[in-house]
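Please keep the sequence and the coordinates at hand while reading.

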Amino acid sequence: MQFDLSPELLELQATVRKISQERIAPRAREIDETEAYPEDLFELFVDTGLTGLCIPEELGGAGAGIFGLTLAIEEVAKYSNAAALMLLLTRLPTGPVMIAGTEEQQRRYVTPIATGDARAAFGLSEPQAGSDVMGIRTRARPDGSDWIVSGTKCWMSGVRQADWYCIFAKTGPVESRSHDSVSAFVVERSWPGVSVGNVDRKMGVKGVDTGELLLDDVRVPAENLIGEVGGFRLAMLGLNSMRPIVAARGIGLAEGALMYAVEYVKERQAFERRIADFQGIQWKIAELAAEIEAARLLTYRSAWMADRGQFTKEWVPFLSMAKYYATELAVKVSGEALQMLGAAGYMKDHPLELYYRDAKQLTIVEGTTQVQLGLIARGVLDHDLWWD
């Protein structure tokens, strides 16, 4: 077993850490308060090659894989989960295209993401279909060699910023629950019938718009079908491979929150002692630090597995554990860190109330905590995760 990062990954980690401390940390509060998309940070990511981290070199990326993107997002999320989400969106919509798309699709849609010439978003959820993904009602019906797509997608991160969308629609009967009734498509923002509907008013992770994508009889060329008709499996493979990347947002947030609280209690006096000198505080710091390290090991292992192509059914429990544990830990650590500051932690003079709001999103997006627990349990019951 090898627990050391390669020299290349150590250099990446150090570079993104410096960028995050110098450029992202000072912007985090302003992004949250104005809710404005941080175009300057997007340009920063483009200039430093971070938009192409997980994209293969032959498609214009850095070829650092999911592990490389996981490391980068962990560093960014120590200060801003909105900025971390911007990096996540270089992989979520491109995943199905990289897994099953044609060379032309990859060249046309994935390469511009790597170079920063385009942005994309991922559309699976609908108003009546969140965790119940087979409940989607967006329909794609054949019309000659093309498809006519109609429906509404919701809770799409980056919906207003995207130039194209990876969307899933029923190519079989809308009421069908069969996986072969769902297919994946690339839909361009500029096409007739494509528009952005309501933009959500979010509790946290502000600055990257989340909202509705309206598809009104959109004509999608046959060549924009991703993979084959009946490609629902692509949704699951894409989401499975994303688990470590979402987990990285969780461990980064947890690390940032705990580091801030520790520096505070080392300076703050109470009862003629530093708060950090109280045993109860020390034990809490130790507990959270141990849990962060456990989450890091789960996350790094899952990223390593995903880069090896281990994101099919038999590997799902390991990937889901990382997402479940790291994101729930983000909620726990941000809450405990806020409590260490007392009344000050509740105020916007400190970033912990922001971390606390942002953390909750992570337990919901790309498969809720409850979905992850179900997947882990199913893996144990099926002996995909077993110990003899």
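In which sense, left-handed or right-handed, does H4 pass H8 in their crossing?

## Basis of the description

The model is predicted, and local features need pLDDT of at least 70, side-chain atom pairs count only at pLDDT 80 or more, and totals for chains, interfaces and linings use all residues. Residues are numbered from 1 along each chain as its sequence is written, and side-chain values use heavy atoms, with hydrogens and water left out.

## Helices packed on H8

H4 passes H8 in a right-handed crossing; a crossing is right-handed if the near helix is turned clockwise from the far one by less than a right angle, and left-handed if anticlockwise. Helices (H or I, at least four residues) and strands (E, at least two) are DSSP runs, numbered from the N terminus. The axes of helix H4 (residues 65-77) and H8 come within 7 Å and cross at roughly 25°, which makes H4 roughly parallel to H8. Axes here are lines fitted to C-alpha atoms, for helices over the stretch in contact, and angles run from 0 to 180 degrees between N-to-C directions. Angles under 35 degrees count as roughly parallel, over 145 as roughly antiparallel, 65 to 115 as roughly perpendicular and the rest as oblique.

Helix H8 (residues 232-267) also packs with H5: their axes come within 11 Å and cross at roughly 165°. H5 is therefore roughly antiparallel to H8. This crossing, too, is right-handed.

## The H9 and H10 pair

Helix H9 (residues 279-307) packs with helix H10 (residues 316-341) at an angle of about 155°, and their axes are 9 Å apart. The two helices are therefore roughly antiparallel. Their crossing is left-handed. The contact of H9 with H10 comprises 17 nonpolar, two polar and six charged residues. In this division Ala, Val, Leu, Ile, Met, Phe, Trp, Tyr, Cys and Pro count as nonpolar, Asp, Glu, Lys and Arg as charged, and the others, Gly among them, as polar.

## Strand pairing around E7

Strand E7 (residues 210-220) pairs with strand E3 (residues 146-157) in the antiparallel sense over eight bridges; two strands pair if DSSP finds at least two bridges between them. Thr-210 in E7 stands opposite Ser-157.

E7 also pairs with strand E6 (residues 194-199), again in the antiparallel sense, over four bridges. Here Leu-215 in E7 is the bridge partner of Val-194.

## Cavities

Three cavities of 30 Å³ or more are present in the structure. On a 1 Å grid over the protein atoms alone, a cavity is a set of points where a 1.4 Å probe fits but cannot get out, a pocket is an open set with protein on both sides within 12 Å along at least five of seven lines, and lining residues have an atom within 4 Å of a point. Grid points are joined across faces, edges and corners, and a volume is the space filled by probe spheres set on the points. The largest cavity has a volume of about 160 Å³. It is lined by 16 residues, and those closest to its centre are Tyr-37, Phe-42, Met-86, Leu-89 and Arg-119.
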